[in-house]
Amino acid sequence: MTIHLFLQQLINGLGLGSLYGLIAIGYTMVYGILRLINFAHGDVMMMSTYFAFFGISVFALPWWAAALVAMALTALLGITIDQGAYRPLRRAPRISALITAIGVSFFLENVSLVVFGSRPRPFFRPEMFRPIWHFGGITVLSLTVYTILITLGLLVIVYVVVYKTRMGMAMRAVSKDMHTVPLMGIDLNRVIAFTFGFGSALAAIGGILWAMKYPQIEPLMGIIPGLKAFVAAVLGGIGNVFGAVLGGFILGITEIMLVAFWPELSGYRDAFAFLLLILVLIFRPTGIMGEDLPE
Amino acid sequence: MRKSLLLSLTGVVFAALMSLGLGNAHAGEPVKIGVYYPMTGPSAVYGQIGYKGLQLAQKERPKVLNREVKFFLTDNKSDKVESANAVSRLIQKDKVDAIIGGLTSSNTLSGAPVAEKAKVPMISPWATNPVVTQGKKWVFRACFIDPFQGYVGAKFARENLKAKNAAVLIDISQDYCVGIANFFMKNFTKMGGKIASKLHYNTGDLDFTAQLTAIKNSKPDVLYCPGYFKELALIAQQAKEVGLDVPILAGDAAQADELIKIGGKAVEGLSFTTHFDEKGVTTESGKKFVKAFRAAYPGVTPDSVSALSYDTYNILLDAIERAGSTDKEKVRAELENTKNFQGVTGVMTMKNHDMVKPAVILTVKDGKFQWLATVQP
């Protein structure tokens, strides 16, 4: 393999990995605060792409306005899901909430199948994300560069929100001891609603960029990105936003390099992605950047 | 005692009437044709439009042997198990004389053994997988088979595109794609071409940049990718993104409006082999069909499935007519004797229960499917 080809494949891997990482940020943040694996995250992401799609095709909004509206609506959807499905189970065993999350996931998928239909719809790619840049024979889609920048930017925003704001302090308190927090005069439900709204808005950004890269949307499109983001989050150490992005990049680059070095295995790349997860979990059960034990 | 006497008497009278030829045994009784199509589920699009083709054919030719033709439509729900159940129901409950269906290869593969066992003639309009009719006495089809599509694709790549090196990208989770790709590779090398690279993917994959970069590195003149339209649209788009700028060639699973809606500019110039296009009709009956279909269903484009369904109906009715009755063995024999049938999808002849007939090559131009060539077998 020439160095030139290797670099091109590395760029492909970074492009894919940044999307995994981007979606994994919201996934891992909700887990870090609430200790809930929100399996509906991928489907919330799917809903956001439909919101953006209808914003443009039905209400003729410019793409950035449609994206903002979609983020707001998705945040609202996240809060509604929490109020309707998870709030009644606040004091139930963790497994009940987990199974409810799977139920919410199926619910969103099937409602969308009925409402939106199963035929895929074309998604938009704004003008600024379309150019293909050439660097000495290596091609890069501008969207890929923007996605990496947006991912790193969001990482900073999440860090600032969680560690530098009062709400962030409350969120961290909830993550330490959910049942003591209300005794300290903190409105638990408001903090959790904020966490879900924030996490869902992050899912919306991930979803919209995902759909711009692979511009067809359908009701079941959230399943695979949701799973891959989950793998990325666990790889990096679930609960840790930096780990999630790192895990995303590792996963994306591994998938691409597998095909690059062993083309005859190209049909089995998902199998190897999950194999990687198993290997990491054997040697580092808490993931690459995970803490050894929760306090 | 008396009852049985009465019964046998009636029987004797009935037999006498029949032998005297006082009317056809079934006079007045309709010819029952069972149909098992996917009217709901993932393949519903095909079932819905295919049934339109059948209904149009029935409207134009409502009678055979002076008897009314009646459809018994059963929804196979795009499902293998439901397909087998649907065929049993048609045979046992509705007691049909012949069966049309199913549409997709996998549904037909599970419905066919039931008809074979019950000795009821069955003809599928659209199932292209070679195995569908293999070793079957009672199962037929009105379309060509995948080896022929692979052959036509290879011929087109060698002769029209002047390609020497071909890259092949295969969806390994679909029997259809693996089969057709193998036949392409066999024929392409036989015709003096070389396979530059062969890569795989799975249904539902979204990112093909790794495969396409590897393909680009093998410097092919053409990319043969006989996949379904969803993945194909993304493959065409990402090929442009990694700088792979060669013509893409596909099979009949590419024929869907979504290919163009999703692929946009990237699918311009993408060509594929298929059964039928309204602009590429070669027969008189084809021209008549397009006109009649447009008039009957305004706004709906007559596609391969509707045209093949229409042909299937007429092939079956011709066989019944030649047989002179709905006797299943006679109809089966006459289906085997189908020769030079002037169908809307071309002139066809039954050979080993499969049709020898022309294929059409379409290409995407200016955001529309355009007819490029008709390849005779």
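Student: How many residues of helix 11 of chain B are buried?
Tutor: This is a predicted model, in which local features need pLDDT of at least 70 and side-chain atom pairs count only at pLDDT 80 or more, while totals for chains, interfaces and linings use all residues. Residues are numbered from 1 along each chain as its sequence is written, and chains are lettered from A and ligands numbered from 1 in the order in which they are written. Counting a residue as buried if 20 or more other C-beta atoms, placed from the backbone, lie within 10 Å of its own, as exposed if 12 or fewer do, and as partly exposed in between, the helix is mostly covered, and the number buried is 16 of its 20 residues.

Student: Which residue takes a positive phi just after helix 11 of chain B?
Tutor: Most residues other than glycine have a negative phi. The residue just after helix 11 of chain B, with a phi of about 75 degrees, is Gly324(B).

Student: Is Lys119(B) buried or exposed?
Tutor: Lys119(B), in the loop between helix 4 and strand 5 (122-124) of chain B, has a positive phi of about 60 degrees although it is not a glycine. With 12 other C-beta atoms within 10 Å, Lys119(B) is exposed.

Student: What is the omega of the peptide bond from Gly101(B) to Gly102(B)?
Tutor: Gly102(B) is placed in the loop between strand 4 (98-101) and helix 4 (105-118) of chain B. The bond from Gly101(B) to Gly102(B) is cis, and its omega is near -15 degrees.

Student: What is the handedness of the crossing of helix 9 of chain A and helix 10 of chain A?
Tutor: The axes of helix 9 (residues 241-261) and helix 10 (residues 269-283) of chain A, lines fitted to C-alpha atoms over the stretch in contact, with angles from 0 to 180 degrees between N-to-C directions, come within 9 Å and cross at roughly 135 degrees. The two helices are therefore oblique to each other, since angles under 35 degrees count as roughly parallel, over 145 as roughly antiparallel, 65 to 115 as roughly perpendicular and the rest as oblique. A crossing is left-handed if the near helix is turned anticlockwise from the far one by less than a right angle, and right-handed if clockwise; that of helix 9 and helix 10 of chain A is right-handed.

Technical notes
Helices (H or I, at least four residues) and strands (E, at least two) are DSSP runs, numbered from the N terminus.
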